[in-house]
Amino acid sequence: MLTCFIRYQIDPFRIDAFEQYARGWNEAIPRCGAGLIGYFAPHEGSATTAYGLYDIESLAAYEAYRARLRDDPVGRENFAFARAADFIRREDRIFLRKVT
């Protein structure tokens with residue numbers, strides 16, 4: 001099992017848009033085959049960093065999941081919202097494996 005750890009650099013004046021975006025994945029991510037851990041918005045400290053985490057079986061499963069997510073109506077809508085609202089400045093992802 002791998003955990004996809006996404007770090008977002010967001011517009012600090014658009015945290016509300018990021019929260020809407022995060023809530024949009026609640027349905028699509030599990031339906032498309034990943035185990036959503038959650039999305040995390042800034043609360044204290046840096047107002048420009050947010051996170052998203054989900055579990056996926058393998059990198060091969062991730063590729064299939066991404067294809068399903070692109071075809072999912074809620075997924076397409078959420079991707080379009082992020083582009084139109086322009087609140088994500090940068091998105092980095094890393095795949096981690098649990099050690100202990």
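Predicted model: local features only at pLDDT ≥ 70, side-chain atom pairs only at ≥ 80, totals over all residues.
A search of the whole structure finds 14 aromatic pairs, where rings of Phe, Tyr and Trp (its six-membered ring) pair if their centres lie within 6.5 Å, and planes under 30 degrees apart count as stacked, over 60 as edge-to-face and the rest as tilted.

Residues are numbered from 1 along each chain as its sequence is written, and side-chain values use heavy atoms, with hydrogens and water left out.

**The sheet**

- Four strands form an open sheet in the order E2-E3-E1-E4, with antiparallel pairing, two strands being paired if DSSP finds at least two bridges between them.
- Strand E2 (35-40) and strand E4 (88-97) stand at the edges with a single partner strand each, so one side of each is left without a neighbour in the sheet.
- Neighbouring strands of this sheet are turned by 15° against each other on average, direction ignored; axes are lines fitted to C-alpha atoms, for helices over the stretch in contact, and angles run from 0 to 180 degrees between N-to-C directions.
- Strand E1 (residues 2-10) runs antiparallel to strand E3 (residues 49-56) and is joined to E3 by eight bridges, with Gln9 standing opposite Thr49 and Ile6 having Gly52 as its bridge partner.
- E2 and E3 also pair in the antiparallel sense, over five bridges, and Asp55 in E3 is the bridge partner of Gly35.

**Helix H1 against the sheet and H3**

- Helix H1 (residues 15-32) lies across E1, E2, E3 and E4 and runs at about 175° to E2.
- The axes of H1 and H3 come within 9 Å and cross at roughly 160°, which makes H1 roughly antiparallel to H3, given that angles under 35 degrees count as roughly parallel, over 145 as roughly antiparallel, 65 to 115 as roughly perpendicular and the rest as oblique.
- H1 passes H3 in a left-handed crossing, a crossing being left-handed if the near helix is turned anticlockwise from the far one by less than a right angle, and right-handed if clockwise.
- On the H1 side the contact (heavy atoms within 4.5 Å) is made by residues including Tyr21, Trp25 and Ala28, and on the H3 side by residues including Val74, Phe79 and Phe81.
- By class, the contact of H1 with H3 has eight nonpolar, four polar and two charged residues, where Ala, Val, Leu, Ile, Met, Phe, Trp, Tyr, Cys and Pro count as nonpolar, Asp, Glu, Lys and Arg as charged, and the others, Gly among them, as polar.

- H1 and H2 pack at an angle of about 135°, with their axes 9 Å apart, which makes H1 oblique to H2, and the crossing of H1 past H2 is right-handed.
- Trp25, Ala28, Ile29 and Cys32 of H1 meet Tyr65, Arg68 and Leu69 of H2, a contact with six nonpolar, no polar and one charged residues.
- The axes of helix H2 (residues 59-71) and helix H3 (residues 73-85) come within 5 Å and cross at roughly 80°, which makes H2 roughly perpendicular to H3.
- Arg66, Leu69, Arg70 and Asp71 in H2 meet Pro73, Gly75, Arg76 and Phe79 in H3, and by class this contact has three nonpolar, one polar and four charged residues.

Technical notes. Helix = DSSP H or I, 4+ residues; strand = E, 2+ residues; numbered from the N terminus.
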